[in-house]
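Subject: Structure for your files

Hello,

Here is the structure I said I would pass on. My notes on it follow below.

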Amino acid sequence: MSDLDLLTQSLARSVKHWRGVRGFTLDVLAARAGVSRGMLIQIEQARTNPSLGTVVKIGDALGVSITTLLDYEKGPKVRVVPADQAVRLWHTEAGSHSRLLAGTEAPGPLELWDWRLMPGERSGSEPHPAGTVEILHVTAGELTLTVDGAEYRVPAGASVTFEADAPHVYANDGDIPTEMVLAVSVPPVA
């Protein structure tokens, strides 16, 4: 079985599991996540490989991290994630990519990401749930961060925090790759 098949099956189990834990019907989860009921059925039956944006919306609606959706089985209190097991969830042919390094529920989803943006590339994000906060540290190059239409320059060595319940875009307007580490904290579902 391929890695993609394993990931699709894990996502199917997790969405179904967390939907049950939250007591959400398919219709309730579809409305909260802004995805169709049919898409949720296909995901829960492991018949589709949804986009990263769709997985993020479902995780936000369920109040769990992407890591939790990809593997809801709880292990020991200490979990070491080897470098080769970081999950690359977004990439471009030019070499930009994001890798989910680790995640946990504390008390809401908390994720740690490794990002690389090649010159001229950008990645946009829809608003996360109210109360979501992102903190990032640029390790190389310069990040152009746009939050709710306002642009901020974040050079190597600098860090930034922002409320992520507004549209935001990570962009590299420079001539060298931008590298950064990003943490996302989502409040628990009430």
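The largest pocket is lined by 29 residues, and L52, G53, V56, S125 and H128 lie nearest its centre. (A pocket here is an open set of points on a 1 Å grid over the protein atoms alone, where a 1.4 Å probe fits, with protein on both sides within 12 Å along at least five of seven lines; lining residues have an atom within 4 Å of a point.) Among the elements that give two or more residues to this lining are α2 (26–33), β3 (109–117) and β10 (178–185). The largest share, seven residues, comes from α4. Helices (H or I, at least four residues) and strands (E, at least two) are DSSP runs, numbered from the N terminus.

This is a predicted model, in which local features need pLDDT of at least 70 and side-chain atom pairs count only at pLDDT 80 or more, while totals for chains, interfaces and linings use all residues. Residues are numbered from 1 along each chain as its sequence is written, and side-chain values use heavy atoms, with hydrogens and water left out.

The protein has five helices and ten strands. Of its 190 residues, 40% count as buried, meaning under 20% relative accessible area with a 1.4 Å probe, protein chains only.

The largest nonpolar core has 39 residues; such a core is a set of buried Ala, Val, Leu, Ile, Met, Phe, Trp, Tyr and Cys residues joined through side-chain atoms within 4.5 Å. I58, L69, L136, L143 and Y170 have the most contacts inside it. Leaving aside neighbours within four places in sequence, L143 is in contact (heavy atoms within 4.5 Å) with residues including L136 and Y170.

Regards

Note on methods
Buried < 20%, exposed > 50% of the residue type's maximum accessible area, 1.4 Å probe, protein only.
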